[in-house]
Amino acid sequence: MNFAEQIKDFSGHQASKMIVETLRRISDERLIQVTYLGEKLTTDYEIVGAIKGVRNMLQTPGHPAKKMFREILAYLPPKNRTIIFNTLFNNAWFMGNRKRDHFEKEHGFRPPFVMILSPTWQCNLRCAGCYTLGYQRHPGLSYDLVKRVLRECIDIGLHFITVLGGEPFMCPYLFQMIEEHPQIFFQVYTNGTLMTKEKAEKIRDLGNAMVVVSCEGYEEETDRWRGPGVFKKIMEAMDHLKKARVLFGSSATVTKNNIEVVSSEEWLDMLLEKGIVAQMYFLYIPVNGQGDINLMVTPEQRNHLRKQVMHFRGTKPMFILDFWNDGPHVRGCIAGGRRYFHINANGDVEPCVYTHVAMHNIKDVPLAEALNSPLFQAIRRRQPHNENHLRPCMIIDNPHIFRDVIEEAKPYFTHKGAEEIVTQMREEIDAYAARFAVLADKVWKEEYLNKPGVTTSCASSSIPQTSSEIGISMSMKSN
């Protein structure tokens with residue numbers, strides 16, 4: 001009798017308990033057993049498909065996914081394996097999915113998988129191109145407010161929180177928030193300059209958080225973007241995290257000036273050696289009220305990044321996410337609460353980290369009400385914004401849709417200058433979208449149409465389809 005037959009009559013509770021036991025001892029066979037057990041925790045066809053996709057990769061000779069999972073499990077302290085399974089997988093995926101199903105039946109729309117939370121604007125750097133430059137530096141959100149929002153997240157089945165800023169490690173209650181919400185998996189984006197041995201060990205001891213360190217290339221590229229001496233501090237931060245055995249990744253803001261470096265095999269291998277398990281790519285877009293459209297990647301550079309990421313996914317033992325080029329794996333735009341949304345440090349509930357408009361402030365309304373605002377409804381009703389999912393974005397790929405949404409919902413802009421992307425820059429953004437459309441439509445036709453294996457599997461996280469929720473949620477950052 002094979003393993004699948006042995007567990008045929010297992011309950012979800014039995015399967016969950018056995019997964020925890022199985023994770024204590026690592027082997028290729030046990031990794032595959034975990035996938036069969038995972039299927040017992042859900043009836044959702046997308047999640048089941050994702051699990052089967054993982055199993056297929058684990059059973060494929062030479063696939064880097066096997067090495068990746070084995071290295072991650074060997075790296076993590078045994079206690080942390082259990083915590084990550086319980087928060088990231090059992091709570092966020094399996095139990096959370098059932099809660100989201102129930103909410104959808106009651107309220108007519110589905111809650112997102114991830115919330116992006118910026119609790120503070122405070123930052124010790126002032127990086128060129130940071131999406132927050134236009135916001136006024138108010139103190140940020142009170143911890144009482146954040147606790148209320150997190151309770152509401154749990155109620156609707158949302159157990160994955162990405163923490164941005166500002167610099168999250170300047171938030172006075174960051175560790176308290178993580179510690180007091182053990183049901184949630186937190187992903188903390190940081191510039192790395194405030195990381196210490198003690199902080200890394202604290203994150204390890206909590207267990208329900210990973211760290212993503214922003215890095216724009218080697219010393220020349222990173223210090224040009226972030227300031228002198230930052231690259232060396234980033235390298236030190238990674239050393240602290242690796243020594244403490246904290247799960248961590250790296251994030252790059254991609255411009256036309258650094259794309260050749262951050263998409264190179266040499267740079268990625270350097271980061272792998274430092275200990276990252278994930279690499280996130282975010283295109284620079286001029287949304288901060290002080291934007292420079294000349295920093296945006298060219299259509300050809302954007303396509304080059306796409307091809308490099310495809311190559312790396314087949315050869316590197318790591319999660320890789322390319323926020324724009326991964327449109328085909330998540331059926332286009334995920335903003336407006338479809339898969340994620342952003343609460344900024346003023347409390348404005350924004351559709352996306354890059355979409356600086358809102359209709360509600362979380363201080364004034366329940367989370368569920370904000371998620372179904374006329375603004376969010378207008379965005380979701382238009383998704384996907386383009387039949388070509390290589391052109392997913394309503395800001396830079398389909399700017400007419402962004403203008404239509406603003407005209408229909410009449411939101412307020414969340415900081416001074418946020419409107420320039422649809423006013424002063426209108427012609428330039430339209431021209432950029434048109435240039436990229438020519439190339440992207442050709443690629444879409446030649447490489448994606450009539451190839452369901454390409455568009456229905458989610459290599460974005462080295463895991464298929466719904467795991468894009470994890471891959472995509474391990475992003476949402478641009479500074």
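The side chains of Glu-179 and Lys-202 form a salt bridge, at 3.8 Å from N to O. The model is predicted. Glu-179 belongs to helix α8 (residues 174-179) and Lys-202 to helix α9 (residues 197-206), so the pair ties together parts that are 23 residues apart in sequence.

How accessible are the two partners? Glu-179 is partly exposed, at 47% relative accessible area. Lys-202 is partly exposed too, with 32% relative accessibility. The pair also sits within the 4 Å cut-off for N to O, since its separation is 3.8 Å.

## Other charged pairs

How many salt bridges does the structure hold? The count is 26. One of them joins Glu-39 to Arg-55, with the closest N and O atoms 2.7 Å apart. Glu-39 lies in helix α3 (residues 28-39) and Arg-55 in helix α4 (residues 45-58), so this contact ties together parts that are 16 residues apart in sequence. Are Glu-39 and Arg-55 buried or exposed? Both are buried.

Glu-446 and Lys-442 make another salt bridge, their closest N and O atoms being 3.1 Å apart. Here both residues lie in helix α19 (residues 426-448). They are four residues apart, about one turn of the helix. Glu-446 is partly exposed at 46% relative accessibility. Lys-442 is also partly exposed, with a relative accessible area of 48%. Elsewhere, salt bridges link Asp-28, Lys-66 and Arg-70 in a network.

Pro-384 is in the loop between α17 (374-382) and α18 (399-409).

A cis bond also runs from Gly-165 to Gly-166, where omega is near 10°. Gly-166 sits in the loop between β2 (160-163) and α8. Helix α8 is also where Glu-179 lies.

Arg-245 is not a glycine, yet its phi is positive, at about 65°. Its place is in the loop between α11 (230-244) and β5 (248-254). Arg-245 is partly exposed, with a relative accessible area of 34%.

Lys-410 also has a positive phi, near 55°, and is a residue other than glycine. Lys-410 lies in the loop between α18 and β11 (412-413). Is Lys-410 buried or exposed? Lys-410 is exposed, at 59% relative accessible area.

## The nine-stranded sheet

What is the strand order of the open sheet? The order is β7-β6-β5-β4-β3-β2-β1-β8-β9, nine strands with mixed pairing. β7 (319-322) and β9 (349-350) stand at the edges. Each has a single partner strand, so one side of each is left without a neighbour in the sheet.

Strands β5 and β6 (residues 278-283) run parallel and are joined by five bridges. Ser-250 stands opposite Gln-279 of β6. Helix α13 (residues 265-274) packs on the sheet and touches β5, β6 and β7. The direction of α13 makes about 135° with that of β6. Helix α14 (residues 299-313) lies across β5, β6 and β7 as well. Relative to β7, α14 runs at about 165°.

## Cysteines without a disulfide

A disulfide is a covalent bond between the sulfur atoms of two cysteines. The cut-off used here is 2.5 Å between sulfur atoms. How many disulfides does this rule give? The count is zero.

Cys-215 is in no disulfide. The nearest cysteine sulfur belongs to Cys-127, 11 Å away. Cys-215 is buried, at 0% relative accessibility. Cys-393 is in no disulfide either, and the sulfur of Cys-352, the nearest cysteine sulfur, is 6.8 Å away. Cys-393 is buried, with a relative accessible area of 11%.

Conventions: Residues numbered from 1 in each chain as written. Predicted model: local features only at pLDDT ≥ 70, side-chain atom pairs only at ≥ 80, totals over all residues. Heavy atoms only, no water. Helix = DSSP H or I, 4+ residues; strand = E, 2+ residues; numbered from the N terminus. Buried < 20%, exposed > 50% of the residue type's maximum accessible area, 1.4 Å probe, protein only. Pairing = 2+ DSSP bridges. Contact = heavy atoms within 4.5 Å. Axes fitted to C-alpha atoms, helices over the stretch in contact; angles between N-to-C directions.
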